[in-house]
Amino acid sequence: MGTLRRAGIAAAVAAAPLGLAYRFALAYRVRAGYPRRNPPQITPADLGLPYESMLIESDGIALPAWFIPARGGERGPAVVLVHGWESARDRTLPMAVFLHAAGFHCLTFDVRGHGANGAEDLPLSAGEFGRDALAAFQAILEQPEVSAAAVSGHSMGGIGAILAAAADPRVAAVVATSSPAGPYRLTRQTFRLARLPIPDPIAYPLAWLTTRVYLRPRGHVVADISATAAIARYGGPVLLAHGDADTVVPASHMERLAAAARASRADEPDAAPVETLVVPGGAHSWLYEEPDYRRAVAAFLAGALGGPFDPATAGDLAAAEQAERIADLEAQFDAVKDSPGGLRTLARVALPGATRLPRPRDDASPTGQDDAPAPAPER
């Protein structure tokens, strides 16, 4: 009996860390999976842009969108703009400003669970960004003004752009800015942002478990929503941009994406280009304020889409246009800012309610949960 009792105690002790890790993963999913919604506060007209309101159907959800025609509505190439986490379509308008100046039609929309959309019952991931970006791309091709289209996204929206391109060969080009390379690395990075005192030998397997638990409610498979895996499946032109001072998603993520894209084309002598742009001093957001970024993006798209201007002219037009962040709309990522960090954050996993799903919300207020680290800010 004594031997059995000791064996039982030993088994319980061994299982305790696994149980705690699983509880941590559940708490993380509650905390990180339900974004604060920030409804649009301005329209394209406030920045002098013409536009038409429209709805995009994605998995039975009607996503609000704006179509911004260029050059008086003449037929030509277009760009779908995909915002990031806890952002909305109006936050992409500075991109639309310089792309419109370079002659591109633009379409921007609210990803499900963001902007003017209602809250989701299940946690959101890159998979939803990809499905909604694909729906937006398919919608823009239906516009009579559009001859071809690219997809451009920021951060989580960058993953969405890559996933959409991998799913539809009609995507003429991809621009991914400040984009995470994959789910596991993004989860590990959020641990760092929340200042969790977890050493790498524990943090990496915990990130593996946490990611799988996070994705389970929607039935996602990690490989299917990995930007690194998806970019290897896409054969069109790619531009990856990143700031070298990005502390949210380090520039090493861009290097990993570029390596995967180039490796998949290594045996193709006529393969489409994979370009990278590193913005010196650039942070996670607002790279569009840099003329070199605007020039590179517009020139790349003009080359990939065949106009409407030659790449040099498109680059000059974009660089000359003022594209500035919209005042009072770029809120801090409160889920990270409000986390106490360190052992205090870890201790909250043990509190009652840490794994309780957030209550349905009728407005854009936070979930009220503060039990686990939150995902990286996506602006």
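Where in the protein is the place of Y34? In this predicted model, Y34 lies in the loop that runs between α1 (2–32) and β1 (52–58). Its relative accessibility is 7%, so Y34 counts as buried, the cut-off being under 20% relative accessible area. The C-alpha atom of Y34 is separated by 7.8 Å from that of L122, a residue 88 positions away along the chain.

The protein as a whole can be described next. It contains twelve helices and eight strands. Of its 379 residues, 55% are buried. Taking the contacts between residues at least 6 apart in sequence, 77% join residues at least 24 apart.

Helix packing comes next, with α9 as the reference. Two packed helices are described by the angle between their axes and by the distance between those axes. For helix α2 (residues 93–101) and helix α9 (residues 291–305), the axes come within 10 Å and cross at roughly 55°. The crossing of α2 and α9 is right-handed. On the α2 side, the residues involved are M95, F98 and L99, and these meet Y293, R294, V297 and L301 of α9. Sorted by class, this contact has six nonpolar residues, one charged residue and no polar ones.

Helix α9 also packs against helix α10 (residues 311–320), where the axes come within 7 Å and cross at roughly 145°. This crossing, too, is right-handed. From α9, the contact draws on P291, R294, R295, A298, A299, A302 and G303. From α10, it draws on P311, A314, G315, D316, A318 and A319. By class, the residues in the contact of α9 with α10 are eight nonpolar, two polar and three charged.

The mean pLDDT of the protein is 86, and 81% of its residues reach 70 or more. Where pLDDT is low, the predicted coordinates should not be read in detail.

How values were computed. Residues numbered from 1 in each chain as written. Predicted model: local features only at pLDDT ≥ 70, side-chain atom pairs only at ≥ 80, totals over all residues. Heavy atoms only, no water. Axes fitted to C-alpha atoms, helices over the stretch in contact; angles between N-to-C directions. Helix = DSSP H or I, 4+ residues; strand = E, 2+ residues; numbered from the N terminus. Left-handed = near helix turned anticlockwise from the far one by under 90°. Contact = heavy atoms within 4.5 Å. Nonpolar A, V, L, I, M, F, W, Y, C, P; charged D, E, K, R; others polar. pLDDT = per-residue confidence, 0-100. Buried < 20%, exposed > 50% of the residue type's maximum accessible area, 1.4 Å probe, protein only.
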